[in-house]
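Reader: Hey, I've got a structure open and I'm a bit lost. Can you walk me through some of it?

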Amino acid sequence: MNHYEEFKKLHYSDQPLIIGNVWDAISTKACENAGYTAINISSHPVADMLGYEDGQNMSFDEIYFISKRIKASTPLHVSVDIEAGYTDNTDILNHYVERLVDIGICGINLEDGITNGNARKLADVTVLEKKIKSIKDYLKSKDKDIFINARIDTYTTKHPEAFNETLNRAQVYEEAGADGVFVPLIEDDHEIRTLLDTVEIALNVFLTPKLADYNHITSLGIHRLSSGNKVQAKVNELTNEIFEDLYQNKNFKRLL
């Protein structure tokens, strides 16, 4: 099996795949030491690290550079969050994704939400549908492949018919060639089970207070669990606390 096939197989074991959401080589090494089999380079923490607001404000070349360095530092399966693709031109997007494949990246997250300042809006379903089909067709012509995790932003954008729209989009993206769907903030057990009965591809959900018990998540049949920028947020809290303690309280012993 190649990297793509191995990564895809990880989504269909008896237990959900807990993917390590990383942003640099240090967080990657922490996942490796902890025993993770796969990581995802998450755009939100990377944007924070580079001084951008979350929401496709960095360039593809910047996320590519980070991805290349992380992939070079680890034997783990590596997926990359490329937001909405950093372009509306499918030819350019195809080449972006091929560059990731060529450095050993086995998966991408590609979303149907569009950011406008601090607001996230839902794009027409055909936008991501065309991107998925274009990427898959292009890579197939090169005898290459990548796991496309199609992110559905119906809940994050508070769509008035979030569940029904999710079902529709999931089916469209599956037909276009997506390997999985990522539905952040879906939490209802019935909705999750119905979605799993509707599509045959992997379901990725986001860790929330209502989806925080691993045994419950497993019982629902969820394939993959992501934590987004939550780990980095905790690291940032500790970093701020330590620097403030050093400067304000002159507590140098904390580091010794």
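This is a predicted model: local features need pLDDT of at least 70, side-chain atom pairs count only at pLDDT 80 or more; totals for chains, interfaces and linings use all residues.

Reader: Is glutamate 191 buried or exposed?

Author: Glutamate 191 is buried, and it has no salt bridge. The nearest side chain of opposite charge is lysine 210, 9.6 Å away. A salt bridge needs the nitrogen and the carboxyl oxygen within 4 Å.

Reader: So what does glutamate 191 touch?

Author: Leaving out residues up to four places away in sequence, glutamate 191 touches Tyr155, Phe163 and Ile186.

Reader: New topic, the sheet. How many strands are in it?

Author: Nine, in an open sheet with parallel pairing. The order is E1-E11-E10-E9-E8-E5-E4-E3-E2.

Reader: And which strands are at the edges?

Author: Strand E1 (17–18) and strand E2 (20–22), each of which pairs on one side only.

Reader: How many bridges join E5 and E8?

Author: Five bridges join strand E5 (residues 107–111) to strand E8 (residues 147–151), and the two run parallel. For one of the bridge partners, look at glutamate 111: it goes with arginine 151 in E8.

Reader: Which helix packs on the sheet there, touching E5 and E8?

Author: That's helix H6 (residues 125–141). The direction of H6 makes about 175 degrees with that of E8.

Reader: Why are phenylalanine 60 and tyrosine 64 about one helical turn apart?

Author: Because they sit four residues apart in helix H4 (residues 60–73). Phenylalanine 60 and tyrosine 64 are both buried.

Reader: And why does the pair of phenylalanine 60 and tyrosine 96 count as stacked?

Author: Their ring centres are 4.0 Å apart and their planes are at 10 degrees, so the pair is stacked. Planes under 30 degrees apart count as stacked. Phenylalanine 60 is in helix H4 and tyrosine 96 is in helix H5 (residues 90–102), so this pair ties together parts 36 residues apart in sequence.

Reader: Which residues do the ring pairs link into a cluster?

Author: Phe60, Tyr64 and Tyr96. Phenylalanine 60 has a relative accessible area of 3%, and buried means under 20%, so phenylalanine 60 counts as buried.

Technical notes:
Residues are numbered from 1 along each chain as its sequence is written. Side-chain values use heavy atoms; hydrogens and water are left out. Buried means under 20% relative accessible area, exposed over 50%, partly exposed in between (1.4 Å probe, protein chains only). Lys and Arg count as positive and Asp and Glu as negative; His and the chain ends are not counted. Contact means heavy atoms within 4.5 Å. Two strands pair if DSSP finds at least two bridges between them. Axes are lines fitted to C-alpha atoms, for helices over the stretch in contact, and angles run from 0 to 180 degrees between N-to-C directions. Rings of Phe, Tyr and Trp (its six-membered ring) pair if their centres lie within 6.5 Å; planes under 30 degrees apart count as stacked, over 60 as edge-to-face and the rest as tilted.
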